[in-house]
Amino acid sequence: MMEQGTFTFQEILSQPQAWAGTLEVLKPLRQDILHFQPEGYTQILFTGCGSTYYLALSAAALTQELTGALARAFPASELWLNPELVYPRGKTLLIAVSRSGETSETLHACRSFLEQQRGDLITLSCYPEMPLAEMGALNIILPSGQEQSVAQTRAFSTLYLGTMALATLWSGHNHLFEALNNLPEAGARVLESAAGLAGQLGQDTTIDRFYWLGSGIRYGLACELSLKMKEMSLSHSEPFHFLEFRHGPKSMVADSAVIIGLRSSRNGQMEGAVLEDMLDLGGRVVDLSFANAPLSPKTPTHRLTLPSLLAEEIRNILYLPVGQRIAFERALSKGLNPDRPTHLDTVVKL
């Protein structure tokens, strides 16, 4: 009999290999991607459902930061239920992301977008035989993201890497696109260094709530890691922008709360101050940061330093394996099966 979480565990650990495979798929598509230049559109719009909506949030933030073009993210359902809130006048470049390629809301959104001739469609998915993989003017299929577990781990990071390639190429920063080749090695190092911390946090039964803090490009990633904690382990978990946590949400801080900060280098000093405040309130703090991020005077409960040789714009993907592993360990400690989260085996088609 297969142990609980076998698929999820393998899919988390195999991400570096999946990223390497994804980059081999993306390199020959370079000119096809460059055909869609941001200046030809009023906006670049990223969409998805669940995990891939959170992916869209980070992808849009990265794309706007690198290219200067207006880039936004909406859940796929909003595109066809509330189009007046989504589409300004002018031409839109829609980038639809789906692990399965058959998510009903995403298919509805893309069909309505094409029927109304609102612009051009690029799709990213993992399965070539599914409907989404044939709908776009450019369909990017990343089979190394395919998974057997219901909860997305490898698929999320693989598809996110695909959107990172789009942003780096459209920005003209070829050195960033080339630097993506260093991510598989860095990811392997992160997975090795994160195992002890993940086990320690996941197996600590005195923890009853998790808060994931991330700002800018990292906010969507914090949302996704919070979702992983909810899906896999049925734990209280919420994401916040760093400084927003200092307002109402800090009322939830107690010695049973863990605040996990996806801290940047650019704004690391301000973000570190938030973590210090939470320590003063009696919470437990996990500082996830890169080696060149400014250190806080106060020592956090836990600190995991990630390799900092990569540019900040492309290294945020390395936060994902750490948070995924924490959620996985938490699920096992509660006797749950991360491969089959509660109520998620059946998706209602709309």
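Colleague: Where does Ser215 lie, and why does Ser215 count as buried?

Modeller: Ser215 sits in the loop between β6 (209-213) and α10 (219-233), where helices (H or I, at least four residues) and strands (E, at least two) are DSSP runs, numbered from the N terminus. Buried means under 20% relative accessible area, exposed over 50%, and partly exposed in between (1.4 Å probe, protein chains only); Ser215 has 17% relative accessibility, so Ser215 counts as buried. This is a predicted model, in which local features need pLDDT of at least 70 and side-chain atom pairs count only at pLDDT 80 or more, while totals for chains, interfaces and linings use all residues. Residues are numbered from 1 along each chain as its sequence is written, and side-chain values use heavy atoms, with hydrogens and water left out.

Colleague: Which residues is Ser215 in contact with, leaving aside its neighbours within four places in sequence?

Modeller: Contact means heavy atoms within 4.5 Å, and with those neighbours left aside, Ser215 is in contact with His241, Phe242 and Glu271.

Colleague: How do you know that the span of helix α4 agrees with its number of residues?

Modeller: The expected span of a helix is 1.5 Å times one less than its number of residues. The 17 residues of α4 (residues 51-67) should therefore span 24 Å, and the end C-alpha atoms of α4 are 24 Å apart, which agrees. Among the buried residues of α4 are Leu55, Ala59 and Leu66, and the helix is followed by Gly68, whose phi is positive, near 80°.

Colleague: What makes β1 and β2 a pair?

Modeller: Two strands pair if DSSP finds at least two bridges between them, and five bridges join β1 (residues 43-48) to β2, which run parallel; Ile44, for instance, stands opposite Ala71 in β2. Both belong to an open sheet of five strands with the order β2-β1-β3-β4-β5 and parallel pairing. β2 (71-75) and β5 (138-141) each have a single partner strand, so one side of each is left without a neighbour in the sheet.

Colleague: How many residues has the largest nonpolar core, and what makes a set of residues such a core?

Modeller: A nonpolar core is a set of buried Ala, Val, Leu, Ile, Met, Phe, Trp, Tyr and Cys residues joined through side-chain atoms within 4.5 Å. The largest one has 81 residues, and those with the most contacts inside it are Ile95, Ile140 and Leu318. Helix α7 (residues 154-171) gives the most to this core, with eleven residues.
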